[in-house]
Amino acid sequence: MSRSDRTAPVRALLGIVFATALALAGGAAAAELATAKAERVGMSTERLERISGLTRRYVNEGKLAGAVTLVARHGKIVYFDAVGKLDLESGAPMTRDALFRIYSMSKPITAVAAMMLYEEGRFQLSDPISKFLPELEDLEVLLPDGSREKARPITMQQLLTHTAGFSYGFDPNDPVDKLYQESDIFRSRDLDAFVGTLAGLPLKFQPGERWHYSVAVDVTGAVVERISGQPFDEFLAQRIFEPLRMTDTFFEVPDAEDARFGGNHRYDQEAEALEVLPIPEYPLYKNTTLFSGGGGLVSTAADYARFCEMLRAGGVLDGRRILSPKTVELMTMNHLPALVSASGSGEQPTVAGVGTGGMGFGLGFSVITDVPASGIVGSIGSYAWGGAAGTIFWIDPVEDLYVIGMIQLMGSPWPLRQELMALSYQALTELN
């Protein structure tokens, strides 16, 4: 999700060597992960440099402020580069330790938190969520004729797969989404208030009827709070971030780190210009009290690489086990055939908005089930997700590869994610 093209002629050879040395040096957190020359793990250094060429071109054309991209294979970082600017307003250069709004890339982290409790026997996937959130026991479904009917109990498995019937409020023409917008649910004081507001909103459909992207992961965060007895931010810090040494992932940006946290951007297609977005009221990333497991985290490429490496390695990193490899396997299976009724319809899961089909959904991730149908290069079983400001990651168990792309561009009109996938896979010289 990060690419541009400005490859200076004289830099051709030197640039390749220097970029590799830079990549292997890494930032503080990234240096703790193993690094290798691309050729040692069946990839091409020269071909990986095409990613920098692409991101530079986007930056030079004024379509992107900056990008950080990281590629790893067989558990070794082989490419790690920063291009462009952190913020168009300040003009500060992009750095590999830049902090990014990862928005929905928070979701897989929340799913891991929940499944840690699953491994402790604290819930079953068949449990109704009302067992932990009694406020949600008497939900209703809004029918097409405007009437309502009692909703069936939502299970934890449905919650973790976006088949629960919740929504996000994105569609101004949808009656349920209008109610979400009117409720101002994301201005809730905390997760308890969030759940309280949600209890007064109808579902879009009966649980299990179809897949629909929603606030379900924020609800999952509330479940983690109730089961663990800890505030959600503390649970993540103590159980995931500290063991994985993810020192740059948080809901609230420390004042001392503000210089690494750039602005968010959008591209005005009428003006054909990139602009810095005004600071929103939510999320502010300061004095945070609503810990949104669905979209509230800030992180770096290096920190997120530690999370990806833990998953790639079957739930363990540096001897600290977060999950069993069998649980990771369960999370990255396609759960939709078992959950969605044969007559169900609804939007097709994608790789964070990429792909036209051939996708399923696991417990927190999209999963490729049919490569040709997806319309993008990849492998069956690859799992992924991305964020609203253009960030993306995917882990390919077949090729033992993971890629992280970080930008800050809302509603990107550019095919950055697809291009990053193509340029990452074209750098393979040996298949696993």
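The exercises below, each with a worked solution, concern a predicted model.

**Exercise 1. K131 and D127**

Classify K131 as buried or exposed, do likewise for D127, and state how far apart the closest N and O atoms of the pair are.

Solution. 
- Step 1. The closest N and O atoms of K131 and D127 are 3.5 Å apart. The cut-off for a salt bridge is within 4 Å, so the pair forms a salt bridge.
- Step 2. K131 has 52% relative accessibility. Exposed means over 50%, so K131 counts as exposed.
- Step 3. D127 has 11% relative accessibility. Buried means under 20%, so D127 counts as buried.

**Exercise 2. K150 and D138**

Locate K150 and D138 in the secondary structure, and say what their salt bridge ties together.

Solution. 
- Step 1. The side chains of K150 and D138 meet in a salt bridge, at 3.4 Å from N to O.
- Step 2. K150 lies in strand β5 (residues 148-150), and D138 lies in the loop between α4 (106-119) and β4 (140-142), so the pair ties together parts that are 12 residues apart in sequence.
- Step 3. K150 is exposed, with a relative accessible area of 56%. D138 also counts as exposed, at 59% relative accessibility.

**Exercise 3. R245 and D318**

Describe the salt bridge between R245 and D318, then name the residues of the network that contains this pair.

Solution. 
- Step 1. The side chains of R245 and D318 meet at 2.6 Å, N to O.
- Step 2. R245 is in the loop between α9 (232-241) and β6, while D318 is in the loop between β9 (316-317) and β10 (320-321); the pair therefore ties together parts that are 73 residues apart in sequence.
- Step 3. R245 counts as partly exposed at 37% relative accessibility, and D318 counts as partly exposed at 47%.
- Step 4. The network of salt bridges links E32, R245, R306 and D318.

**Exercise 4. The total**

State how many salt bridges the model contains.

Solution. The count comes to 30 salt bridges.

Definitions and conventions: Residues are numbered from 1 along each chain as its sequence is written. This is a predicted model: local features need pLDDT of at least 70, side-chain atom pairs count only at pLDDT 80 or more; totals for chains, interfaces and linings use all residues. Side-chain values use heavy atoms; hydrogens and water are left out. Buried means under 20% relative accessible area, exposed over 50%, partly exposed in between (1.4 Å probe, protein chains only). Helices (H or I, at least four residues) and strands (E, at least two) are DSSP runs, numbered from the N terminus.
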